[in-house]
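Open the model in your viewer and keep the selection panel at hand.

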Amino acid sequence: MTQFARRSFLKQISAAGLSSLVVREPSWLLADEDQRWKGLSKLDGSLLLDEGHREQMATDFGANFHRVPLAVLKPRSTEDLVKIVRFGNAQGLKIAMRGQGHSQYGQTLVEGGIVVDSRTLNGVKLGAGVVDAQGGASWEEVTRQTLAQGLTPPAMGDTMTLSVGGILSAGGISNSSHLFGAVVDTVEEVDVVTGAGDLLKCSAQRNRELFELALAGMGQCGLIESARLRLVTAPKWVVRRDLMYDDLGKFLGDARHLASEAKVEHLGALVLADQTRGWTFKITIGKFCESPEEADLRAVVADLRFKSSEDQMPVPFGLYLHREVARDTAGYAARKRTPSRLLFIWMHVPGSVGEEFVARILATPPETAGVARFSLYLLPIRKFARPLFMLPRHEEFALAILLFRGVPIGDGDRAYSETVTTVRGLVEKMYAVGGKAYPPYAPFFSRADWEAHYGPNWQRLIAAKNKFDPMGILTPGTGMFVAQQVAGCPALGF
């Protein structure tokens, strides 16, 4: 009866033209079911309880899960974040922070809990050689201000709409990671709201344990309220060249050589399907420069074994940062026409087995069926210092392998289930060669998967979880400490 009354009330206010129930003071709320909110202190932002806003936060970019929160917080201050976490502790409500909703496997979703929509915490402030950015700020907002001063973060992803907090919770890989490591390796300081509701400033010198476990920590010990990132001088131009290969060994060998020599600032690699020639391979190299005329790539490519090459048009650095806008726009349009669930998988395998691992994928049709993007990165292990950014650290290099595919929802559960099984099979093959997943694209990980992923760091993470999130309320959607079920595919057994 209580649930029916609440639904009836929400329908009535919707019919009256009120699109949401915006709560700033708990005294506005109904009795009985909403009695719990009376313990919440006054907020600067808004707490949204209506069905429309809760449904907006019930799924993410991957569309593999559907979890409806009890409420959505749009904070307007750091104090709002502290208050909601303390309230969650008092009421036993789980909490997840969500930026742009770009998670793939429900990491930012929380059934019956509170989703913090961090986009309203988007302040950006420049300092001397650094930038302070709140967790909900997009990288586009950050670079708009830094470029105005001729500066840039040294490493960023290729999707500028992502939030700062989202990337830093995951780790962050870029086309410059062979030089600068992960995006989290460029962070000097973070302000973190722990699961106990404490706001702590963290760095290598202060609250170091939380500093190391918040960065690339998938929101398990604290929510990143803001971060200080170091800046470097921004180039004016970027000059790129595509190198084409028809031999996997030469392709990967040259990619490793380029990552080792560190003579280019941009390094990317793709596996491409050719209807007449089978698989082909492309390396894109790029030089950052003050003018296109000064970027001479001849010495860089002199000893490489590519079959052909083609220069791209030189572009200003600001435009280069948005290099994947066309790709992303096309992808969004395609999903609008044909709704689909996305099944990303991102693996880091030891460099010594990289060629064999990729060759086996290419020789197994189910593993490449429907793949719209097959990207590779050569990662020098020594460049990645954050302890929770997991790589096969017993080798000099890791090969990052990203496979992106979508399953149209209209294809039914069988097609989806078969694809999930294929993707999970790749996870097992990755484990078998000593590989590690990249957590944002770790498909349907169970607690056992996470324990295997973190290895010796797992006990350290458990101890930190008990210390900084003693009630276990933060970010349950990862499945690290709370069992999850796969929407539409319950037969997986975890």
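Select the open sheet of 5 strands, ordered β6-β7-β11-β9-β10, with antiparallel pairing. Strands are DSSP runs (E, at least two residues), helices likewise (H or I, at least four), numbered from the N terminus. Two strands pair if DSSP finds at least two bridges between them. Now colour β6 (124-126) and β10 (199-203): these are the edges, each with a single partner strand, so one side of each lacks a neighbour in the sheet. On average, neighbouring strands here are turned by 20° against each other, direction ignored.

The model is predicted: local features need pLDDT of at least 70, side-chain atom pairs pLDDT 80 or more, while totals for chains, interfaces and linings use all residues. Numbering runs from 1 along each chain as its sequence is written, and side-chain values use heavy atoms, without hydrogens and water.

Next, select β7 (residues 130-134) and β11 (residues 222-230), an antiparallel pair over 5 bridges. Zoom to A133; opposite stands A227 in β11.

Helix α4 lies across β6, β7 and β11, at about 25° to β6. Axes are lines fitted to C-alpha atoms, for helices over the stretch in contact (heavy atoms within 4.5 Å), and angles run from 0 to 180 degrees between N-to-C directions.

Which residues touch the most other members of the largest nonpolar core? I285, M347, L376 and I401, out of 116 residues. Such a core is a set of buried Ala, Val, Leu, Ile, Met, Phe, Trp, Tyr and Cys residues joined through side-chain atoms within 4.5 Å; buried means under 20% relative accessible area (1.4 Å probe, protein chains only). Strand β21 (residues 397-408) gives the largest share, 8 residues. Finally, select another core apart from this one: 23 residues, including L70 and I473.

Technical notes
Buried < 20%, exposed > 50% of the residue type's maximum accessible area, 1.4 Å probe, protein only.
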